[in-house]
Amino acid sequence: MHRELFDLLAGTFAAFSNPTRVLHHAERGDRGADVLALAPLAAREAAAASAHRAAAAHYALALEHAHSATAAARAELLEAAAHEQRLIGRVDVAMATTREALALRRELGDAAAVATNLRLIAEAR
């Protein structure tokens, strides 16, 4: 049922106007690539509405489906997730997530992002 609902909604304005609703059907319909595409949109929308717990949950969902994403894309998701985790007081989780992003940024040779992640870790101590 969720696959069919996702197919109906994905090609409509609902996919852009309410990504959380469409994301729900993508997740329940076991459509991993669609979850990965929609979850960050839903997370940004939630964060813009100051719904940081929802944003953190959406980023966590995206990360569950990010195994095929590039290292740079995973690092961006991790950094965004860590930010939301910090905002909702989950500092320990945010630090672990930031360390994971840091490792990817080091692999990628992204000196600026490495420095930013190191700063975030230092500020949390």
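Me: Where is Leu78 found?

Reply: Leu78 sits in helix 6. Helices here are DSSP runs of H or I with at least four residues, strands are E runs of at least two, and both are numbered from the N terminus. Keep in mind that this is a predicted model: local features need pLDDT of at least 70, side-chain atom pairs count only at pLDDT 80 or more, and totals for chains, interfaces and linings use all residues. Residues are numbered from 1 along each chain as its sequence is written, and side-chain values use heavy atoms, with hydrogens and water left out.

Me: Is Leu78 buried or exposed?

Reply: Buried means under 20% relative accessible area, exposed over 50%, and partly exposed in between, with a 1.4 Å probe and protein chains only. Leu78 has 4% relative accessibility, so it counts as buried.

Me: What does Leu78 touch, not counting residues up to four places away in sequence?

Reply: Contact means heavy atoms within 4.5 Å. By that rule Leu78 touches Leu63, Thr97, Glu100, Ala101 and Leu104. For Thr97, 19 residues along the chain from Leu78, the C-alpha atoms are separated by 5.9 Å.

Me: Zooming out, how many helices and strands are there in the chain?

Reply: Eight helices and zero strands. Of the 125 residues, 41% count as buried.

Me: Which residues touch the most other members of the largest nonpolar core?

Reply: The general idea is that nonpolar side chains tend to be buried together in soluble globular proteins. A nonpolar core is a set of buried Ala, Val, Leu, Ile, Met, Phe, Trp, Tyr and Cys residues joined through side-chain atoms within 4.5 Å. The largest one here has 19 residues, and Leu23, Leu36 and Leu77 touch the most other members. Helix 4 gives the largest share of this core, eight residues. As for Leu36, its contacts beyond four places in sequence are Ala62, His65, Ala66, Ala69 and Leu77.

Me: At what angle do helix 4 and helix 5 pack?

Reply: Two packed helices are described by the angle between their axes and the distance between the axes. Axes are lines fitted to C-alpha atoms, for helices over the stretch in contact, and angles run from 0 to 180 degrees between N-to-C directions. Helix 4 and helix 5 pack at about 165°, with axes 8 Å apart. Angles over 145 degrees count as roughly antiparallel, under 35 as roughly parallel, 65 to 115 as roughly perpendicular and the rest as oblique, so helix 4 and helix 5 are roughly antiparallel. Among the residues making the contact are Leu36 and Ala39 of helix 4 and His58 and Ala62 of helix 5.
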